[in-house]
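Work through the exercises below with the model in view. Try each task before reading its solution.

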Amino acid sequence: MKTLIIVIHPDLTHSVINKRWIEELEKQPEKYTIHKLYDAYPDEKIDVRAEQQRIEQYDKIIFQFPLYWFSSPPLLKKWFDEVLIRGWAYGSKSGYKMAGKRIALVLSAGIAEDEFMPTKKYKYTLEELTRPFELTFDYVKADYRSFYAYYGMEHNATKEWAEQSIPGYLSFIETLG
Ligand SMILES: Cc1cc2nc3c(=O)[nH]c(=O)nc-3n(C[C@H](O)[C@H](O)[C@H](O)COP(=O)(O)O)c2cc1C
């Protein structure tokens with residue numbers, strides 16, 4: 001069973017790490033399907049039924065995005081608001097179409113990991129900052145498997161730095177089963 005990777009990055013042309021991750025995943029098309037949300041909807045008008053049908057075909061789904069203002073780029077919030085609707089995502093017996101699906105986040109962050117701590121400048125860990133995602137996936141009864149994050153791109157936006165994130169990403173996907 002393939003894993004669906006939904007990428008939410010508004011500017012992949014200038015991306016270092018998310019672009020590199022996509023390149024790596026595309027080497028194994030038998031294992032991964034990549035769906036780039038901003039490419040699919042340059043006008044940000046989401047085809048809700050097409051998105052729901054795509055989700056229905058996969059049991060393992062990753063939402064991959066760069067951390068923007070301690071959350072996701074806005075198209076993912078729009079996607080949640082429009083795709084996860086009553087009768088499909090929740091609210092009726094046959095409606096929980098994401099129930100039991102293994103879902104995880106993969107995040108890139110500009111800031112270094114040790115800055116996301118109570119005693120440091122950014123106070124909250126990514127575990128805490130991603131609570132709204134966790135609760136959303138809980139609400140629709142998906143099997144939320146937390147996240148893989150690669151930090152510190154702000155000071156290390158090099159290809160070499162990005163390269164080091166790849167084994168961790170690939171083995172994280174393996175943990176989804
Ligand atoms: C609009 C915007 C907001 C950002 N907000 C954050 C943030 O809140 N925390 C953080 O660690 N990095 C933040 N960054 C840095 C990005 O997370 C970082 O550049 C990105 O993860 C690198 O991935 P890429 O090479 O694929 O673009 C922000 C960048 C932009 C453009």
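**Exercise 1.** Which residues make a nonpolar surface patch of about 390 Å²?

Solution. The model is predicted: local features need pLDDT of at least 70, side-chain atom pairs count only at pLDDT 80 or more, and totals for chains, interfaces and linings use all residues. Residues are numbered from 1 along each chain as its sequence is written, and side-chain values use heavy atoms, with hydrogens and water left out.

Step 1. The patch is made by Tyr-68, Trp-69 and Phe-70. Patches are made of residues with over 30% relative accessible area and no salt bridge; like charges are joined within 9 Å, nonpolar side chains (Val, Leu, Ile, Met, Phe, Trp, Tyr) within 5 Å. Accessible areas come from the Shrake-Rupley method with a 1.4 Å probe, and for residues only the protein chains shown count as cover.

Step 2. Phe-70 has a relative accessible area of 32%, so Phe-70 is partly exposed (buried is under 20%, exposed over 50%, partly exposed in between; 1.4 Å probe, protein chains only).

**Exercise 2.** Glu-163 forms a salt bridge with which residue?

Solution. Step 1. The partner is Arg-20, with the closest N and O atoms 2.7 Å apart. A salt bridge is a side-chain nitrogen of Lys or Arg within 4 Å of a carboxyl oxygen of Asp or Glu.

Step 2. Glu-163 lies in helix 7 and Arg-20 in helix 1, so the pair ties together parts 143 residues apart in sequence. Helices (H or I, at least four residues) and strands (E, at least two) are DSSP runs, numbered from the N terminus.

Step 3. Arg-20 is buried at 15%, whereas Glu-163 is partly exposed at 35%.
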